[in-house]
Amino acid sequence: MENIKVLLADDQELILESLHIVLSMEPDLEIVGLAKNGKEAVEGCEQFKPDMVLMDVNMPGMDGVAATALIKERMPATKIIMLTSYKEVEYVLAALSHGAEGYLLKAIHPKDLAAGIRVVQAGGTLISQEMASKMIKNMNSATPAKHNEFGLTAREIEVLHKLAAGLRNQEIAEALFLSEGTVKNYISTIYSKLNVKGRREAARKARDSGMMDR
């Protein structure tokens with residue numbers, strides 16, 4: 001059986017090195033590249049064609065969520081596990097909405113991490129039980145926050161803010177490290193969720209509903 005080719009992305013050198021060391025000890029895992037931010041992770045995927053990326057969420061410049069969106073858009077077969085020391089549901093939802101296969105906290109034991117990589121490589125998904133129950137609670141919340149009464153994701157709200165500020169698609173793409181095509185997709189989803197036909201109407205509805213008060 002072929003080795004699983006893994007790319008590691010984390011802005012903390014100590015974590016990057018320790019992950020590299022512990023995962024290299026696994027006979028079926030091959031570390032093909034290291035990245036210190038989202039931009040390097042995207043470039044590393046294009047260069048090394050890994051099967052799997054272990055992606056830190058919080059990195060300078062382009063973060064892990066933005067990098068996940070780009071990698072999934074350009075190389076959809078690449079599997080991505082988000083690694084984070086945070087427990088924020090928004091990050092999980094954003095990363096999973098872009099197609100990440102899993103999400104693990106950095107405190108996980110190396111053996112469990114290696115096992116998780118194998119599960120995802122075999123076609124499974126990986127979300128800790130605690131995270132899954134938070135997500136379900138988040139989705140089933142009986143009284144959604146005012147800014148989210150239309151069911152917008154955190155990323156869609158970011159796009160909407162930029163849209164309402166009068167930025168063009170290209171400017172939104174640059175500000176959020178997305179491709180222009182992805183921004184267009186977000187905008188059409190936002191229009192459909194808000195039930196509007198254009199920017200002006202979307203911005204007005206967003207202001208009326210209090211979404212711009214964030």
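A few ground rules: this is a predicted model, where local features need pLDDT of at least 70, side-chain atom pairs count only at pLDDT 80 or more, and totals for chains, interfaces and linings use all residues. Residues are numbered from 1 along each chain as its sequence is written, and side-chain values use heavy atoms, with hydrogens and water left out.

**Exercise 1.** Find where Lys-39 and Glu-43 lie, and work out how their side chains meet.

Step 1: Both residues sit in helix H2 (residues 38-48), 4 residues apart, which is about one turn of the helix. Helices here are DSSP runs of H or I with at least four residues, strands are runs of E with at least two, and both are numbered from the N terminus.

Step 2: Glu-43 is partly exposed, because its relative accessibility is 38%. (Buried is under 20% relative accessible area, exposed is over 50%, and partly exposed is in between, using a 1.4 Å probe and protein chains only.)

**Exercise 2.** Track down the salt bridge between Glu-156 and Lys-193, and decide for each residue: buried, partly exposed or exposed?

Step 1: The two side chains meet at 2.8 Å, N to O. This pair links distant parts of the chain, with Glu-156 in helix H7 (residues 154-164) and Lys-193 in helix H9 (residues 180-194), 37 residues apart.

Step 2: Glu-156 has 6% relative accessibility, so it counts as buried. Lys-193 has 30%, so this one is partly exposed.

**Exercise 3.** Describe the surroundings of Asn-37.

Step 1: Look in the loop between strand S2 (29-35) and H2.

Step 2: A polar atom of the Asn-37 side chain lies 3.1 Å from the backbone nitrogen of Lys-39.

Step 3: Skip the neighbours within four places in sequence, and Asn-37 is in contact (heavy atoms within 4.5 Å) with Met-59, Pro-60 and Met-62.

**Exercise 4.** In what order do the strands of the open sheet run, and which are the edge strands?

Step 1: The 6 strands go S2-S1-S3-S4-S5-S6, with parallel pairing. Two strands pair if DSSP finds at least two bridges between them.

Step 2: S2 and strand S6 (126-127) are the edges, each pairing on one side only.

Step 3: Strand S1 (residues 4-9) pairs with strand S3 (residues 52-56) over 4 bridges, and Leu-8 has Leu-54 in S3 as its bridge partner.

Notes: A salt bridge is a side-chain nitrogen of Lys or Arg within 4 Å of a carboxyl oxygen of Asp or Glu. A polar contact is a pair of N or O atoms within 3.5 Å; within protein, one must be able to donate a hydrogen and the other to accept it, and residues adjacent in sequence count only if both atoms are side-chain atoms.
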